[in-house]
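I want to go through the bonds and jot down what turns up.

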Amino acid sequence: MAEPPQVRVQEAVDTMVKSLERENIRKMQGLMFRCSASCCEDSQASMQQVHQCIERCHAPLAQAQALVTNELEKFQDRLARCTMHCNDKAKDSIDAGSKELQVKRQLDGCVTKCVDDHMHLIPTMTKKMKESLVSIGK
(Lines give C-alpha, C1' and ligand atoms only; values in the text may rest on other atoms or scores of the structure.)
Protein backbone atom coordinates (compact mmCIF):
# COMPACT_ATOMS: atom_id res chain seq x y z
CA MET A 1 0.00 0.00 0.00
CA ALA A 2 1.24 3.50 -0.80
CA GLU A 3 2.26 5.61 2.15
CA PRO A 4 -0.20 8.27 3.28
CA PRO A 5 0.28 11.69 1.68
CA GLN A 6 1.03 13.33 5.05
CA VAL A 7 3.91 10.91 5.61
CA ARG A 8 5.35 11.70 2.18
CA VAL A 9 5.37 15.44 2.78
CA GLN A 10 6.75 15.04 6.33
CA GLU A 11 9.61 12.86 5.09
CA ALA A 12 10.42 15.35 2.32
CA VAL A 13 10.46 18.27 4.77
CA ASP A 14 12.60 16.27 7.24
CA THR A 15 15.09 15.49 4.45
CA MET A 16 15.22 19.18 3.50
CA VAL A 17 15.79 20.30 7.11
CA LYS A 18 18.55 17.71 7.63
CA SER A 19 20.23 18.91 4.44
CA LEU A 20 20.04 22.56 5.53
CA GLU A 21 21.40 21.66 8.96
CA ARG A 22 24.28 19.60 7.58
CA GLU A 23 25.28 21.92 4.74
CA ASN A 24 24.57 25.36 6.20
CA ILE A 25 23.55 25.59 9.84
CA ARG A 26 26.31 23.35 11.18
CA LYS A 27 28.99 25.54 9.56
CA MET A 28 27.37 28.60 11.08
CA GLN A 29 27.34 26.91 14.49
CA GLY A 30 31.06 26.20 14.22
CA LEU A 31 31.77 29.82 13.29
CA MET A 32 29.60 31.04 16.16
CA PHE A 33 31.40 28.88 18.73
CA ARG A 34 34.88 29.82 17.45
CA CYS A 35 33.91 33.48 17.38
CA SER A 36 32.47 33.27 20.91
CA ALA A 37 35.59 31.56 22.19
CA SER A 38 37.77 34.32 20.77
CA CYS A 39 35.60 36.89 22.59
CA CYS A 40 36.49 35.18 25.87
CA GLU A 41 40.22 35.32 25.12
CA ASP A 42 40.37 39.13 25.36
CA SER A 43 41.55 39.61 28.94
CA GLN A 44 41.32 43.41 28.61
CA ALA A 45 37.62 43.38 27.74
CA SER A 46 34.96 44.06 30.34
CA MET A 47 32.31 41.46 31.15
CA GLN A 48 29.79 43.56 29.19
CA GLN A 49 32.10 43.80 26.16
CA VAL A 50 32.62 40.04 26.17
CA HIS A 51 28.86 39.51 26.41
CA GLN A 52 28.21 41.91 23.51
CA CYS A 53 30.91 40.20 21.45
CA ILE A 54 29.29 36.79 22.06
CA GLU A 55 25.87 38.24 21.13
CA ARG A 56 27.33 39.50 17.83
CA CYS A 57 28.77 36.06 17.17
CA HIS A 58 25.41 34.41 17.82
CA ALA A 59 23.33 36.84 15.70
CA PRO A 60 23.84 35.18 12.26
CA LEU A 61 22.92 31.73 13.61
CA ALA A 62 19.82 33.09 15.34
CA GLN A 63 18.83 34.87 12.11
CA ALA A 64 19.34 31.63 10.13
CA GLN A 65 17.26 29.58 12.55
CA ALA A 66 14.49 32.18 12.48
CA LEU A 67 14.51 32.15 8.67
CA VAL A 68 14.15 28.36 8.50
CA THR A 69 11.42 28.34 11.16
CA ASN A 70 9.50 31.10 9.37
CA GLU A 71 9.68 29.38 5.96
CA LEU A 72 8.55 26.06 7.44
CA GLU A 73 5.63 27.74 9.21
CA LYS A 74 4.52 29.44 5.98
CA PHE A 75 4.74 26.12 4.12
CA GLN A 76 2.77 24.33 6.84
CA ASP A 77 0.11 27.08 6.87
CA ARG A 78 -0.34 26.85 3.10
CA LEU A 79 -0.69 23.07 3.25
CA ALA A 80 -3.16 23.34 6.15
CA ARG A 81 -5.28 25.88 4.22
CA CYS A 82 -5.36 23.56 1.22
CA THR A 83 -6.47 20.57 3.28
CA MET A 84 -9.05 22.74 5.10
CA HIS A 85 -10.49 23.62 1.70
CA CYS A 86 -10.74 19.87 0.97
CA ASN A 87 -12.57 19.33 4.26
CA ASP A 88 -14.99 22.15 3.44
CA LYS A 89 -15.72 20.65 0.03
CA ALA A 90 -16.31 17.23 1.61
CA LYS A 91 -18.68 18.72 4.20
CA ASP A 92 -20.57 20.54 1.44
CA SER A 93 -20.88 17.26 -0.50
CA ILE A 94 -22.26 15.43 2.54
CA ASP A 95 -24.71 18.28 3.18
CA ALA A 96 -25.81 18.01 -0.47
CA GLY A 97 -26.60 14.33 0.07
CA SER A 98 -23.59 12.60 -1.50
CA LYS A 99 -22.74 9.07 -0.38
CA GLU A 100 -20.15 8.78 2.40
CA LEU A 101 -17.79 6.52 0.43
CA GLN A 102 -17.91 8.87 -2.57
CA VAL A 103 -17.14 11.85 -0.31
CA LYS A 104 -14.25 9.99 1.35
CA ARG A 105 -12.73 9.24 -2.06
CA GLN A 106 -13.20 12.89 -3.07
CA LEU A 107 -11.57 14.05 0.18
CA ASP A 108 -8.64 11.63 -0.17
CA GLY A 109 -8.07 12.73 -3.77
CA CYS A 110 -8.21 16.39 -2.81
CA VAL A 111 -5.75 15.96 0.09
CA THR A 112 -3.41 13.94 -2.13
CA LYS A 113 -3.49 16.76 -4.71
CA CYS A 114 -2.68 19.30 -1.96
CA VAL A 115 0.30 17.23 -0.86
CA ASP A 116 1.49 16.69 -4.46
CA ASP A 117 1.24 20.43 -5.20
CA HIS A 118 3.17 21.29 -2.04
CA MET A 119 5.80 18.60 -2.65
CA HIS A 120 6.65 20.49 -5.86
CA LEU A 121 7.28 23.64 -3.78
CA ILE A 122 9.94 22.02 -1.57
CA PRO A 123 12.89 22.19 -4.02
CA THR A 124 12.25 25.91 -4.70
CA MET A 125 11.81 26.61 -0.98
CA THR A 126 15.05 24.72 -0.24
CA LYS A 127 16.98 26.67 -2.89
CA LYS A 128 15.64 29.98 -1.58
CA MET A 129 16.54 29.12 2.02
CA LYS A 130 20.04 27.92 1.07
CA GLU A 131 20.67 31.18 -0.80
CA SER A 132 19.43 33.18 2.17
CA LEU A 133 21.54 31.15 4.60
CA VAL A 134 24.66 31.69 2.48
CA SER A 135 24.05 35.44 2.45
CA ILE A 136 23.50 35.48 6.25
CA GLY A 137 26.73 33.52 6.73
CA LYS A 138 28.82 36.12 4.89
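Which handedness does the link of cysteine 39 and cysteine 53 have? I looked it up: the torsion about its S-S bond is -70 degrees, and the link is left-handed.

Before going on, a note on the source. This is a predicted model, where local features need pLDDT of at least 70, side-chain atom pairs count only at pLDDT 80 or more, and totals for chains, interfaces and linings use all residues. Residues are numbered from 1 along each chain as its sequence is written, and side-chain values use heavy atoms, with hydrogens and water left out.

I find four disulfides in the structure, a disulfide being a pair of cysteine sulfur atoms within 2.5 Å.

Cysteine 39 and cysteine 53 sit 1.9 Å apart, S to S. Both cysteine 39 and cysteine 53 are buried (under 20% relative accessible area; exposed is over 50%, partly exposed in between, with a 1.4 Å probe and protein chains only).

Next I checked cysteine 35 and cysteine 57, whose sulfur atoms are 1.9 Å apart. Cysteine 35 is in helix 1 (residues 5-40) and cysteine 57 in helix 2 (residues 47-95), so this pair ties together parts 22 residues apart in sequence. Helices here are DSSP runs (H or I, at least four residues), numbered from the N terminus. Cysteine 35 is partly exposed at 31%, while cysteine 57 is buried at 7%.

Cysteine 82 pairs with cysteine 114. The torsion there is about -85 degrees, so this disulfide is left-handed.

Last entry: I numbered the bonded cysteines in sequence order and got the pairing 1-4, 2-3, 5-8, 6-7. Cysteine 40 is in no disulfide; the nearest cysteine sulfur, that of cysteine 39, lies 6.4 Å away.

Notes: Helix = DSSP H or I, 4+ residues; strand = E, 2+ residues; numbered from the N terminus.
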